[in-house]
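Subject: Structure for you to look at

Hello,

Here is the structure I said I would pass on. Please keep it open while you read the notes below.

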Amino acid sequence: RRPARPRRDLVCPRLVAPCSHKHNPSIRVMQWNILAQALGEGKDGFIRCPLEALSWRERKYQILEEILTYRPDILCLQEVDHYYDTFRPIMAGLGYHGSFLPKPWSPCLDVEHNNGPDGCALFYRRSRFSLHSTAHLRLSAMMLPTNQVAIAQTFHCQVTGRWLCVAVTHLKARSGWERLRSAQGADLLQSLQSITSHCGGQKQAELGAIPLVVCGDFNAEPSEDVYRRFSSSPLGLSSAYKLLSCDGKTEPAYTTWKIRPSGESCSTLDYIWYSHDALSVETLLDIPTEEQIGPDRLPSYHYPSDHLSLLCDISFREEPHRLL
Ligand code: NDP
Ligand code: CA
């Protein structure tokens with residue numbers, strides 16, 4: 001028997017006063033690049049991960065166990081190459097509705113015995129939200145279409161009566177592509193600006209923009225231009241995981257940590273962005289320590305992806321007009 005998987009704690013950030021209450025329960029949001037099965041076995045070269053731990057037979061249950069442990073209301077995934085045969089049917093049985101957008105030229109298709117293209121998936125709990133609109137976006141850069149995508153959905157929250165827009169994306173990987181990522185981020189921000197200001201029509205214009213959550217594997221460290229674009233956009237977005245730090249201003253040291261033949265790579269690439277004027281982050285799932293991750297890094301028998309899942313509970317702030 002393998003030792004138990006290290007536990008991750010839900011932490012309340014010190015700098016936040018809670019807004020949630022009985023009539024305003026928080027919304028649990030999960031962000032996770034689950035590692036495409038075809039890439040993990042066929043392309044990534046995770047030399048310190050046992051082959052057996054990389055098999056779909058093994059990983060499928062590890063991924064589902066992690067999702068089921070936290071039962072998010074909103075689940076944003078990247079590198080999904082088992083949507084139709086696994087995630088859609090299983091999540092449907094658990095009360096979720098899903099949407100999937102494959103990459104136009106997924107690198108999974110180059111792998112022998114692949115299970116189709118990988119892409120982004122967005123699931124929401126049907127008892128909590130009703131779907132208002134869906135946008136399947138192919139991200140552009142300098143007016144040209146790229147191989148990266150995003151899904152943006154707007155919901156009506158059945159419990160609070162409030163609107164919420166959620167987006168999921170996976171930006172271009174690798175160093176040398178910083179300018180492309182920045183342009184993709186600019187394109188996504190522009191689409192989200194339009195979606196959050198127009199949805200709901202006249203009434204929304206009077207109420208102000210729809211609160212927004214953007215989850216993604218941005219493939220960009222906080223020092224990159226695309227991060228700066230997101231943190232300084234007119235949409236008023238903050239990165240939730242900064243709240244785990246003592247000063248509330250620092251991202252975690254890593255969200256992915258792996259060893260390839262080219263060497264070890266430990267970096268912060270994944271984010272949950274939220275509208276800081278309309279939403280408040282009340283709890284965050286902590287990041288495993290270096291000791292918990294272990295010397296072989298990710299993925300492993302305990303962690304089915306090379307990326308860590310991010311999870312937080314977010315609640316609506318009181319609307320200004322309701323405070324009057
Ligand atoms: P990206 O560069 O964005 O990366 C694709 C995947 O590779 C990501 O999931 C990424 O994971 C992973 N990755 C990142 N670094 C490494 C690494 N060092 N070793 C192995 N995997 C890594 O890919 P694109 O979307 O730009 O697609 C590139 C591929 O797509 C090409 O290799 C080609 O096969 C195919 N393609 C084909 C086209 C055609 O006309 N037929 C056109 C365009 C692409 P993570 O995000 O977790 O880092
Ligand atoms: Ca990957």
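Trp257 is buried, at 7% relative accessible area; buried here means under 20%, exposed over 50%, and partly exposed in between, with a 1.4 Å probe and protein chains only. Its ring pairs with that of Tyr254 in a tilted arrangement, with 4.7 Å from centre to centre and 50° between the planes. Tyr254 is buried as well, at 11% relative accessibility.

Before the rest, some notes on the source. This is a predicted model, in which local features need pLDDT of at least 70 and side-chain atom pairs count only at pLDDT 80 or more, while totals for chains, interfaces and linings use all residues. Residues are numbered from 1 along each chain as its sequence is written, chains are lettered from A and ligands numbered from 1 in the order in which they are written, and side-chain values use heavy atoms, with hydrogens and water left out.

Aromatic rings

A search of the whole structure gives 15 aromatic pairs. The rings considered are those of Phe, Tyr and Trp (for Trp, the six-membered ring), and they pair if their centres lie within 6.5 Å; planes under 30 degrees apart count as stacked, over 60 as edge-to-face, and the rest as tilted. Tyr83 and Tyr84 make an edge-to-face pair, at 4.9 Å between centres and 90° between planes. Tyr83 is buried at 4% relative accessibility, whereas Tyr84 is exposed at 51%. One aromatic cluster is made up of Phe218, Tyr227, Phe230, Tyr271 and Trp273.

A charge also meets a ring: the charged end of Lys172 sits over the ring of Trp177, 4.5 Å from the ring centre. The criterion is NZ of Lys or CZ of Arg within 6 Å of the ring centre and within 35 degrees of the ring normal.

Nonpolar cores

In soluble globular proteins, nonpolar side chains tend to be buried together. A nonpolar core is counted here as a set of buried Ala, Val, Leu, Ile, Met, Phe, Trp, Tyr and Cys residues joined through side-chain atoms within 4.5 Å. The largest one has 58 residues, and those touching the most other members are Ile74, Phe87, Phe123, Val213 and Ile272. What does Phe87 contact, leaving aside its neighbours within four places in sequence? Its partners are Ile34, Trp56, Ile63, Leu64, Ile67, Val80, His82, Ala92 and Phe123, where contact means heavy atoms within 4.5 Å. Another core, of 24 residues, lies apart from the largest one and includes Ala167, Ile195, Ala220 and Tyr271.

Salt bridges

There are 16 salt bridges in the whole structure, each being a side-chain nitrogen of Lys or Arg within 4 Å of a carboxyl oxygen of Asp or Glu.

- Lys258 and Asp306 bridge at 2.8 Å, N to O. Lys258 belongs to strand β11 (residues 256–260) and Asp306 to the loop between α8 (290–293) and β15 (310–316), so the bridge ties together parts 48 residues apart in sequence. Lys258 is buried at 7% relative accessibility, and Asp306 is buried at 3%.
- Glu178 and Arg181 bridge at 3.7 Å, N to O. Both are in helix α5 (residues 178–198), three residues apart, which is about one turn of the helix. Glu178 is partly exposed at 31%, while Arg181 is buried at 1%.
- Arg7 and Asp9 bridge at 2.8 Å, N to O. Arg7 is exposed at 64% and Asp9 partly exposed at 36%.
- Arg5, Arg8, Glu65 and Glu66 are linked in a salt-bridge network.

The helices (H or I, at least four residues) and strands (E, at least two) are DSSP runs, numbered from the N terminus.

Glu79 is part of strand β3 (residues 74–80).

Strand β7 (residues 144–157) contains Thr154, which is buried at 1% relative accessibility. Gln148 lies in strand β7 and is buried at 4%. Beyond four places in sequence, Gln148 is in contact with residues including Lys103, Arg138, His170, Lys172 and Gln184.

Regards
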